[in-house]
Each structure stands twice: as structure tokens, then as C-alpha cells.
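The paragraphs below lead through the spaces inside one protein model and then through the elements around them. Please keep the structure in view while reading.

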Amino acid sequence: MRFTSEQRLDDGVLEREFTLGEIPGTLWTPGSAPAPLVLMAHNNGLPKAEPRLVARARYTAARGYAVAGIDAAGCGDRPRSAAEEQARADLRRARRAGEPVDEMLESLVGPMVENAVPEWRTTLDALLELPGIGGPVGYSGGWAALGIRLAVAEPRIAAAVFFAGGYVPRAQREEARQITVPLLFLLQWDDEGNPRQRALDLFGSFGSTEKTLHANAGGHTGTPWFELADACRFLDRHLK
């Protein structure tokens, strides 16, 4: 892991950009150490520098966590294959026409999860070798499909916060039954891109004995800010 820049922010959080092979990432660390680690993932090709994502990361770091985000393959400025670009174009066209899109999303999101998981695990290995960062590890992010796969495959993850705003392929819906870590699931009741009943069914599938559903009125990007504070309190209970 090679750090390429760093700056101390007004809230005392240290923000550092890094590269790990071809993987670009950002690490936010609080003034106190050692700090539990939170992996903060995003999907839909968003860059790790997207303002809403950065705001969540900075807030969480200021609460005493080391927070890391990366641009997985196909996200941010990383190259996308011609097949991925065509799949996204087909998806946009189908949505504009009001056509069914589930099979298109299966073919797009499933491979993205498969490609992203090894990069996240490699990043996790490198982060836990840094001074001032320790376990346990949490996951918090809008990419529920990736979080489900990581929570099943990675025993170092001790708690998870999932946003129910992205498409979860059928394979990950089945894997949800294997998740046993404490879980907080955030649902926007009027999310135009995520059928409510599917999200509720997914919540019911999680195998965790401690799982909590927070549902709020509003569309996809309308998650209330106070839910971030609640998510940090949830992480406090399980990571500190």
C-alpha cells in the first residue's frame, strides 16, 4: 500500500489517498488510536470521492473509526469493459422504456460483485497491517450485494450496515441466510428503483439473530442524516 497524499481536516480526521496495485482508495483515521476499521463500499459506478460518500466516511471517522473506501473495478475512474458499458446502456434504455430490467441487472451486478470481493479482501489485509488500525471490522455501505458476499466470505467482519437501495442478485439473496453477524438494514420506503417487498424479503432472509430494520419515507437518495448517527451507535455497540 502506497500513500499518495494526506491532509488533516477541520474535524481532526486525517484523510489519505492510497494505491494498492491497481486499486485506488481513501483512508480516513481519527486522532485516537488504535481504531476499529469500517469498510465503506459504494456501487453503481460511483467514485469514492462522491460527496455523500465522503460525508458519511468523515462523520464515521470523527466518531473514532478508521474508514476505508476504494474504487473497485468498474467504479469511479477505473476502466470499464466494452461489455459493461453496453450493459449499462441497455439498462438505461430499458428503464426509460419501462421494460423489465431484472435479468439485465443480474448480468451486470453479479460479475461486479465477483470482481470486487477479492480486491476488498486484499485491501482489508493491507489495512490491518497499518499501525493504529485494529479489529474488529465493520461493513457499512450502499452496495448490499457486495456486503452480503463479504460478510459470508470474510470472518473478520463483525457487524454490518446495509442500505437497501441497490439491486441484490439472486445468488446474494440466498447467501443472506448464511449471515450471522449483527445487522442494521436501512430501507427507503418509496425507493423508486428497489421494490419494497423485495427489500423486506431480503431482511427476512438474513440469518442474524440480531438484526434491525429502519424504514423511512422517501426515495432512493432520501435517507435521513440521523440514520448515520444511529448507524455509528450500532457500530459502537459491536466494534468498540
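The residues that line the largest cavity divide into 5 nonpolar, 2 polar and 2 charged, where Ala, Val, Leu, Ile, Met, Phe, Trp, Tyr, Cys and Pro count as nonpolar, Asp, Glu, Lys and Arg as charged, and the others, Gly among them, as polar. This is a predicted model, in which local features need pLDDT of at least 70 and side-chain atom pairs count only at pLDDT 80 or more, while totals for chains, interfaces and linings use all residues. Residues are numbered from 1 along each chain as its sequence is written, and side-chain values use heavy atoms, with hydrogens and water left out.

Rolling a probe the size of a water molecule over the atoms shows where empty space is left. Here a 1 Å grid is laid over the protein atoms alone: a cavity is a set of points where a 1.4 Å probe fits but cannot get out, a pocket is an open set with protein on both sides within 12 Å along at least five of seven lines, and lining residues have an atom within 4 Å of a point. Grid points are joined across faces, edges and corners, and a volume is the space filled by probe spheres set on the points.

By this rule there are 4 cavities of 30 Å³ or more. The largest cavity holds about 70 Å³ of space, and its lining consists of Ala164, Gly166, Val168, Arg173, Phe185, Asn194, Arg198, Ala199 and Leu202. Helix 6 (residues 196–205) gives the most to this lining, with 3 residues; helices (H or I, at least four residues) and strands (E, at least two) are DSSP runs, numbered from the N terminus. The second largest cavity, with about 60 Å³ of space, is lined by Trp28, Met40, His42, Lys48, Leu53, Val54, Ala57 and Gly69, and the largest share of that lining, 3 residues, comes from helix 1.

Helix 1 also supplies the largest share, 4 residues, of the lining of the largest pocket. About 470 Å³ of space lies in this pocket, and of the 25 residues that line it, the closest to its centre are Arg52, Arg56, Phe163, His220 and Thr223. By class, the lining of the largest pocket has 11 nonpolar, 10 polar and 4 charged residues.

In the order 1-2-3-5-4-6-7-8-9, 9 strands form an open sheet with mixed pairing, two strands being paired if DSSP finds at least two bridges between them. Strand 1 (2–8) and strand 9 (211–216) stand at the edges with a single partner strand each, so one side of each is left without a neighbour in the sheet. Strand 1 is joined by 6 bridges to strand 2 (residues 14–20), and the two run antiparallel; the bridge partner of Arg2 in strand 2 is Thr19.

Helix 1 (residues 51–62) packs on the sheet, touching strand 2, strand 3 (23–29), strand 4 (35–41), strand 5 (66–70) and strand 7 (157–163), where contact means heavy atoms within 4.5 Å. Helix 3 (residues 102–127) packs on the sheet as well, touching strand 2, strand 3, strand 4, strand 5 and strand 6 (133–141).

Helix 3 also meets helix 2 (residues 82–97), at an angle of about 145 degrees and with their axes 9 Å apart; axes are lines fitted to C-alpha atoms, for helices over the stretch in contact, and angles run from 0 to 180 degrees between N-to-C directions.
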